[in-house]
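Please read the following report alongside the sequence and the model.

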Amino acid sequence: MPLDITTLETWLWDAACAIRGPVDAPKFKDYILPLVFLKRLSDVFEDELARLTEEYGSREMATNIVEAERERAVIASGRGSVRFYIPENARWPAIRARGRAGLGQFLTDAVRAVARENPRLQGVIDIADFNATAAGQRIVADEYLAALVDVLSRHRLGLNDVEPDILGRAYEYLLRKFAEGQGQSAGEFYTPREVAVLMARILEPEPGMTVYDPTCGSGGLLIKCHLRLLETHGVQENGRRRLPSKHAPLRLFGQEINPATFAMARMNAVIHDMEGDIRLGDTMRQPAFKDAAGRLQTFDLVVANPMWNQNFPTELYENDPYGRFTCGVPPTSSADWGWLQHMRASLNDRGRMAVVLDTGAVSRGSGNQGSNRERDIRKRFVEEDLVEAVILLPENLFYNTTAPGIILVVNRRKRHPGQILLINASRLFAKGRPKNYLDDGHIETIAEIYHAWDGAGGVGAKNVGGAKNFVGAKNFSPIHAIITTDEAARNDYNLSPSRYVATNDQEEVLPLEEAVVLLREAEEERAAADARLQEVLKVLGLDGM
């Protein structure tokens, strides 16, 4: 029987424990993920050789065919009889037979040999150095690596041993565990699984669509879109869910700035048995996906969780060669609306996007006297009728902050022009350690409210707020509101769901992260005002006084 998710998770956590001691928890992934990936590649390669052996009646014939395709670079091009060519010394039986002596160098040579044979895996599997040292000492001694190999050898990861999604879920289980130990930097590579599932449920991808994530991290958001398509359009064949031939798969595109995280994204995609064009680079400064004329490539769907409140210099926006920032220049204290403008420019004329941002992105600047950069950009989005929905999430979901966050949904062809759906899901969560989480019922409630929105001020009788998912919610009121763009304008373009939908009588407390951004923004405005004052004083000849 194929391995189940619980067995795989327990097994992989045992693997992490095998190197506990010499390696801090955040570094586990640097050693475990490449080896899990290599074992999957090796076991699948053996399965594919077995299939060819059955097809041609001879192991020798099957091996000769594969070797001939390897020499002609057919496998390297992705058109071979096997997906990837695994050299003899990189196959798992050779690794297990190696023993303890010199194992670190042997593993390093193995992953580098796989990368040489398969250009698609260069910079992906070969970033690990199992023989690395620090202060003249091996970081992970061969005895620990031998224990890790021994644990990983307990189960096969071949085509008939584990379904791609189950293995992928176990792989993401490890990513989540690593995120728990990595603190502030965890958000750079991991979006909580249930948030990614919710975003895929909101977008509901259709066969053949293009999906883009400009800050793809370990690729979870793209993968959840792929899995959602399998749920809605797939069929069961031989115990696996597959997309029938009449449906084209999603075409997935992602860019990631961190080389180690980029490698995780590529491994994650292969583990899930899916193809994705994922590239390494700085999206803001050097976007990777462009058409033949050098303009930004556009997509059907965009899904993203960019780092919140990044600092980018004003010159980046003002000197942009791609014409992305036509709605205004964001403050240097927060790039949220810079990212949103990049994604807006990356949508085709029917495009939709779901983006995770911090709560202040939809409210900062509203109610201020005079101009405010973020509020003014938000105003343009509302005036162009791009904002379809804002979903306020619960607190303490994300690994790099306790702040709640929001999902902003943008649609170039809104179902209900002139209206914006606001969902306050701040109380839809289950308590967890160390983080809260959304359960399946919470995800279903939010998705139903969004999709059942009828445009006439309601969301259908059975979807009045999801009280069924609350404990002790006898007097529960709806968690959604629908406002017009005119009403948004009257509220100075404040789109925070908590302004329009109250879930309790407690006064809203400003999150620390948002307070810091507001302080930085005020300091920027003060500096700009001081500069203008100096210019005036200089004209008046009073600058030296």
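A charge is taken to sit over a ring if NZ of Lys or CZ of Arg is within 6 Å of the ring centre and within 35 degrees of the ring normal. By that criterion, Arg-344 lies over the face of Phe-381, at 5.8 Å from the ring centre, and Arg-415 lies over the face of Tyr-450, at 4.3 Å from the ring centre.

The model is predicted, so local features need pLDDT of at least 70 and side-chain atom pairs count only at pLDDT 80 or more, whereas totals for chains, interfaces and linings use all residues. Residues are numbered from 1 along each chain as its sequence is written, and side-chain values use heavy atoms, with hydrogens and water left out.

**Aromatic pairs**

The structure holds eleven aromatic pairs, where rings of Phe, Tyr and Trp (its six-membered ring) pair if their centres lie within 6.5 Å, and planes under 30 degrees apart count as stacked, over 60 as edge-to-face and the rest as tilted.

Phe-289 lies in the loop between E7 and strand E8 (299–304) and Phe-299 in strand E8, so the pair ties together parts that are ten residues apart in sequence; helices (H or I, at least four residues) and strands (E, at least two) are DSSP runs, numbered from the N terminus. Both Phe-289 and Phe-299 are buried, meaning under 20% relative accessible area with a 1.4 Å probe and protein chains only (exposed is over 50%, partly exposed in between). Ring pairs also link Phe-289 and Phe-299 with Tyr-212 and Phe-253 into a cluster.

Trp-308 is found in the loop between E8 and helix H11 (314–318), and Phe-398 in the loop between strand E10 (387–392) and strand E11 (406–411), so this pair ties together parts that are 90 residues apart in sequence. Trp-308 is buried, with a relative accessible area of 15%, and Phe-398 is buried as well, at 2%.

**The sheet**

Nine strands form an open sheet of mixed pairing, in the order E7-E6-E3-E8-E9-E11-E10-E12-E13, two strands being paired if DSSP finds at least two bridges between them. Strand E7 (277–280) and strand E13 (480–484) stand at the edges with a single partner strand each, so one side of each is left without a neighbour in the sheet. Strand E12 (residues 419–424) pairs with E13 in the antiparallel sense over five bridges, and Ile-420 stands opposite Ile-483 in E13.
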